[in-house]
Amino acid sequence: MELRQLEFFSAVAGELSFTRAGDRLTIAQSAVSAGIRSLESELGVELFDRSRRQIRLTTTGELLLPKVRDALDAVNEVRDAAQDATRAVTGSIVIGLMTSVTLVNVPRLLGLFRAGHPGVGVRLRAARRGSAGLVDELVSGELDLAFLALSGPAPTALLAVPIASSPMVLVVPKGHRLASASAVGLGDLVPEEFIDLPPGYASRQIVDDAFTAAGLERRVMIEVSDIGTAAEYVTNGLGVALLPEFTAHDALDVHRLPVANLPDFTVYLAASRKRRASAAVRAFVELALTADEARG
């Protein structure tokens, strides 16, 4: 059994795709498939169910995955010890992030990181189910780090450090009954029809939690999966929205109003408490927390 085979297995289990795993590992899909077949033959078990359109872990694969990831973490610990002696940082990092959230300038941060640590490979993965999905992927070990937003305290399974924040504002179209108000309360918004993101996205959770705490209900009529486009629906008279202010800066023909008793939208850099941070992960976190150039 080779270390590379275990890395292949962990990557395919995380992506549930041989092609995406190959992209993540920067090798051909055929090499990944061959490595998995070789591992299955050596172990005498099937690790993936290939009978469906999308592959899935078998029961045996699900049993072995946490053990394989623990083994890879142990290997990384040995690698880190060797790197401490040479002062070189190598390895790879998988980072999750929210699309269209520009409070952190991720491209600039990655450029700074690559310049300082050219031996580290970094792969980005866009959130599939909002911040809730990123939390799950951190806990399962599919991600090393994630830029995510939270409503309320961070889950106990995570270490999360705030990086940047933006106030939540009410976005209304021109001519709306509240357009000239200096500020509004949640009670003023009960009659409105809302545009929002689906459940699982942090901005949606912030608003849902605030309405629940106030004992109020609201009607979400349109759900969009890209926070960067939500204000455009307001522009076109399809409803109002409670959004982080930065997402509505460029929206046309709308008014942005402060809202009482609504927490800020805050981006955190988060990692799992369970997994030991590699030298590459530690170096990235240090840069993210100290580089002013990374703020969007």
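Which helix or strand gives the most to the lining of the largest pocket? The answer is H4, with seven residues. Helices (H or I, at least four residues) and strands (E, at least two) are DSSP runs, numbered from the N terminus.

A word on the basis: this is a predicted model, where local features need pLDDT of at least 70, side-chain atom pairs count only at pLDDT 80 or more, and totals for chains, interfaces and linings use all residues. Residues are numbered from 1 along each chain as its sequence is written, and side-chain values use heavy atoms, with hydrogens and water left out.

**The pockets**

Here a pocket is an open set of points on a 1 Å grid over the protein atoms alone, where a 1.4 Å probe fits, with protein on both sides within 12 Å along at least five of seven lines; lining residues have an atom within 4 Å of a point. A volume is the space filled by probe spheres set on the points. In the class counts, Ala, Val, Leu, Ile, Met, Phe, Trp, Tyr, Cys and Pro are nonpolar, Asp, Glu, Lys and Arg are charged, and the others, Gly among them, are polar.

| Pocket | Volume | Lining by class |
|---|---|---|
| Largest pocket | About 970 Å³ | 21 nonpolar, 10 polar, 14 charged residues |
| Second largest pocket | About 190 Å³ | three nonpolar, three polar, six charged residues |

Of the 45 residues lining the largest pocket, Asn 76, Ser 92, Ile 93, Asp 144 and Arg 275 lie nearest its centre. Elements giving two or more residues to that lining include H1, H4 (59-86), E3 (91-97) and E12 (265-272).

H4 turns up again in the second largest pocket, supplying the largest share of the lining with five residues. Among the residues lining that pocket are Arg 69, Asp 70, Asp 73, Lys 274 and Arg 275.

**Helix H1**

H1 covers residues 3-15 and reaches 19 Å from its first C-alpha to its last, close to the expected 18 Å (1.5 Å times one less than its number of residues). Of its 13 residues, 10 are buried, meaning under 20% relative accessible area with a 1.4 Å probe, protein chains only. Phe 8 and Phe 9 are among them. Just after H1, Leu 16 takes a positive phi of about 50°.

**The sheet**

Five strands make an open sheet with mixed pairing, in the order E4-E3-E5-E12-E6. E4 and E6 are the edge strands with a single partner each, so one side of each has no neighbour in the sheet. Strands pair if DSSP finds at least two bridges between them. E5 (residues 145-149) and E12 run antiparallel, joined by four bridges; Leu 148 has Tyr 268 in E12 as its bridge partner.

Key
Buried < 20%, exposed > 50% of the residue type's maximum accessible area, 1.4 Å probe, protein only.
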